[in-house]
Amino acid sequence: MELEIYDTTLRDGSQQEGISLTVNDKLRVAGLLDDLGVAYIEGGWPGANLKDTEFFRRAAAELDLRHARLAAFGSTRRPGGRAATDDQLVALLDAGTEHVCIVGKSWDYHVSQALRVDLDEGVRMVGESVEFLTGKGRRVFFDAEHFFDGYKSDSEFALATLSAALDGGAERLVLCDTNGGTLPQDILRAIAAVQHRFPDAALGVHFHDDIGTAVAASLAAVDVGVSQVQGCINGYGERTGNANLSTLIPDLQLKMGRKAITGDLDLLSPISHHIAEIVNLTLNPHQPYVGASAFTHKAGLHTSALARRPDAYEHENPVRVGNRTRMVVSELAGKAAVISKAAEMGLEVDDDLARLVVDRVKEMEHEGYHFEAADGSFELLVRGMTGWENSFFNLESFRVVTDRRAGEEVASEATIKLTVDGELKVSIGEGVGPVHALDKAVRAALAGRYPHVADLRLTDYRVRVLDSQDGTSARVRVLIETSDLTSSWGTIGVHENVIEASWRALSDGIVVGLLKTGA
Ligand SMILES: [Zn+2]
């Protein structure tokens, strides 16, 4: 049987604290998952929340899926009730998807303690609910909730729920480690028992990452014949998250040689970043395969060897997952590092210029600059030393005022004057703080000439005091992370005045963004 990826970013993933998706957001994420080519996209839990009901209604009209099929999620009927009149099962049908996934309890402890019914009723809830849905023409996947804890506690009951789901016509038995605490070796033993009892059943797995083994356990499960893997892009999910599909998919395809998605694998990094933008969380730069640091090397001893033979230092060619090799440059770096970093940015630097760049980097790092986290500013430094000049805009002046009146919220206003193509632009920005106001003012001034600035987003802003013995007159270092839809870059500013330091980092960030589009 073919391997299937079942994505639950829109349902389980959106349980992560800090994630709150609008229906529009969910439609955009679904479109991206379809581009990637997962087999199933779980859209949500209709009936349990209005937003999800609305999502399925709009998805039917607005989404034109080319690779993936949409699935609706729900739970087994209420204890003591009837499937046919269960509001929630009816809402699941109303979602209008061919595939539905229903979750039922397979841990005796939950049945007796949470549902407070006897185990026979627990089994009937599963069987009758599945049968009701298949009877209405739905293709049903059964999520056996807490299966591994259940198997440990009362294996016969856990297996009886699977048997009831199969009898009801379920097409996949999905074994869930809902609390995420089961070791891969124990998971494999339980899977072997399920395969022994139900040799013809198609199995799936759904793992949470509470002990850091969700991806490893999923790979091991596929290795022993499980055909469906559930997880979330970027490992989103409650607590420590679900099995990370941004890791699992390339592991399956590149390391195990299994076809996991029907789209191109090199879409993985841009799509992982794009979804991070939509859910409004900064993507962990150290995330395997897709993180900005996943193929980043700190320049040093191996720099020239790395430039010649990257496969000696990287487990995989980053291009295959849409990522790239990066070198970070610091005062420790030599000429070779500068040359290869410059080449990565498409700039040709000869030996003499490289030596000048190294000297300049050392000088500036002495003043408090730190280029390791600011590849954008480094690019502008090298460009500047090759004679390039920023012709996008020139700063004439800015003025920032912060107002605090009794009984009112503090607010900031920035006025900026820039020349753009020889023309003076004056604009005003209002923000919660001075940097926010300045950021809005500069974007407003540039928006007419460079519409692309609307896609640039300030994703991280960090300030650090450098020589703290000088108290409030100390120099500060501002690091800014800017991103567009597909990539991100760091820029830096150092000054005694925090607004000036911020302006330097901010304007570098915008210039790099404009360079990227070839504006
Ligand atoms: Zn889950």
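Which residue is the bridge partner of Ile480 in β16? The bridge partner of Ile480 in that strand is Thr491.

## Overall description

This is a predicted model, in which local features need pLDDT of at least 70 and side-chain atom pairs count only at pLDDT 80 or more, while totals for chains, interfaces and linings use all residues. Residues are numbered from 1 along each chain as its sequence is written, and side-chain values use heavy atoms, with hydrogens and water left out.

The protein has 17 helices and 16 strands. Here helices (H or I, at least four residues) and strands (E, at least two) are DSSP runs, numbered from the N terminus. The C-alpha trace spans about 75 × 60 × 45 Å along its principal axes. Of the 519 residues, 54% count as buried. Buried means under 20% relative accessible area, exposed means over 50%, and partly exposed lies in between, with a 1.4 Å probe and protein chains only.

A contact means heavy atoms within 4.5 Å. Among the contacts with a separation of 6 or more, 67% are between residues 24 or more positions apart.

## The sheet of β14, β15 and β16

Three strands form an open sheet in the order β14-β15-β16, and their pairing is antiparallel. Two strands pair if DSSP finds at least two bridges between them. The edges are held by β14 (457-465) and β16 (488-495), each with a single partner strand, so one side of each is left without a neighbour in the sheet. On average, neighbouring strands of this sheet are turned by 15° against each other, direction ignored.

Strand β15 (residues 476-483) is joined to β16 by eight bridges, and the two run antiparallel. They form a hairpin with four residues between them. Ser483 stands opposite Ser488 in β16, and Ile480 has Thr491 as its bridge partner.

Six of the eight residues of β16 are buried, so this strand is largely enclosed by the rest of the structure. Helix α17 (residues 498-516) lies across β14, β15 and β16 and runs at about 150° to β16. Axes are lines fitted to C-alpha atoms, for helices over the stretch in contact, and angles run from 0 to 180 degrees between N-to-C directions.

## The nonpolar cores

In soluble globular proteins, nonpolar side chains tend to be buried together. A nonpolar core is a set of buried Ala, Val, Leu, Ile, Met, Phe, Trp, Tyr and Cys residues joined through side-chain atoms within 4.5 Å. The largest such core holds 85 residues, of which Phe55, Phe147 and Leu162 touch the most other members. Helix α1 (residues 23-36) gives the most to this core, with seven residues. Apart from it lies another core, of 29 residues, among them Ala441, Val442, Tyr450 and Val511.

Leaving aside its neighbours within four places in sequence, Leu162 is in contact with Phe142, Ala144, Phe147, Leu173, Leu175, Val194 and Phe198.

## The zinc site

Which residues coordinate the zinc ion? Its donors are Asp12 (OD), His206 (NE2) and His208 (NE2), at 2.0 to 2.2 Å. Donors are N, O and S atoms within 2.8 Å of the metal (3.2 Å for Na, K and Ca); water is not among the atoms, so sites may look incomplete. In sequence, the donor residues are spaced D-x193-H-x1-H.

## Cysteines and selected residues

The model has zero disulfides, a disulfide being a pair of cysteine sulfur atoms within 2.5 Å. The sulfur of Cys176 is 7.2 Å from the closest cysteine sulfur, in Cys101, which is too far for a bond. Cys232 is in no disulfide either, and the nearest cysteine sulfur, that of Cys176, is 12 Å away.

His274 is placed in helix α11 (residues 268-279). Beyond its neighbours within four places in sequence, His274 is in contact with Arg28, Leu32 and Leu485. Ala216 is in helix α9 (residues 214-223). The C-alpha atoms of Ala216 and Leu183, 33 residues apart along the chain, are separated by 9.6 Å.

The table gives the accessibility of several residues named above.

| Residue | Relative accessible area | Class |
|---|---|---|
| His206 | 4% | buried |
| His208 | 6% | buried |
| Cys176 | 2% | buried |
| Cys232 | 0% | buried |
| His274 | 18% | buried |
| Ala216 | 41% | partly exposed |
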